[in-house]
Amino acid sequence: MRRNNDGSVFFLGIVQFLLVLLLGVAGYTASAFGQGKADPPGRVFRGPPEHVAHGKYGVSAIAGDVDTEVLDRGSARLELQLPDGSTVTLARDGLEKRGPGNLVWRGHEVSEPERRAVLTLKHGFVSGKVSIGQELYEIRPKRGRKHVVEQLDPGLFPGDNARPL
């Protein structure tokens, strides 16, 4: 350390350097982790889905092009359109990466944590279940690279197969 003529320790330059370094790291950390602003949710469908015929255990269904990259990126939030025209925002609770383009995304509805979602991505196809209150939805691939979101009626299931997520 350098001392000036009166013998006091000359720290000012070092203190200034450390302060600038500390503020720079704190600013980078805040921007890298998105503090202060939330990223918008990734939209599951690339465009507007269309109504399609529902299956044997369904009430209503829509089909459209799914943006599999939104899942593959492990988006923290997803926006899923439902057959009744409403949209639900899901927040990620867990992400299990099994390999390139192969994962399980687990989450819940942002406003209602007990409303659960489990989505699986493999080879460019998505399948899964979303439970919103008493409503149960299934997501599954359809011909032509489209995917179906179908509202199911557990009362139509044979036997006692209506299990929560």
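This report describes salt bridges in a predicted model.

## Overview

Side chains of opposite charge can pair when their charged atoms come close. The structure contains 11 salt bridges.

## Asp 67 and Arg 46

Asp 67 pairs with Arg 46 in a salt bridge, and their closest N and O atoms are 3.7 Å apart.

## Lys 97 and Asp 72

A salt bridge also joins Lys 97 to Asp 72, with 3.9 Å between the closest N and O atoms. Lys 97 belongs to strand E5 (residues 87-99) and Asp 72 to helix H2; the pair links distant parts of the chain, 25 residues apart.

Lys 97 counts as partly exposed, at 47% relative accessibility. Asp 72 is partly exposed as well, with a relative accessible area of 31%.

## Arg 115 and Glu 109

In the salt bridge between Arg 115 and Glu 109, the closest N and O atoms are 3.0 Å apart. Arg 115 is partly exposed at 25% relative accessibility, whereas Glu 109 is buried, with a relative accessible area of 12%.

## A network of four residues

Salt bridges also link Lys 129, Glu 138, Arg 140 and Glu 150 in a network.

Definitions and conventions
Residues are numbered from 1 along each chain as its sequence is written. This is a predicted model: local features need pLDDT of at least 70, side-chain atom pairs count only at pLDDT 80 or more; totals for chains, interfaces and linings use all residues. Side-chain values use heavy atoms; hydrogens and water are left out. A salt bridge is a side-chain nitrogen of Lys or Arg within 4 Å of a carboxyl oxygen of Asp or Glu. Helices (H or I, at least four residues) and strands (E, at least two) are DSSP runs, numbered from the N terminus. Buried means under 20% relative accessible area, exposed over 50%, partly exposed in between (1.4 Å probe, protein chains only).
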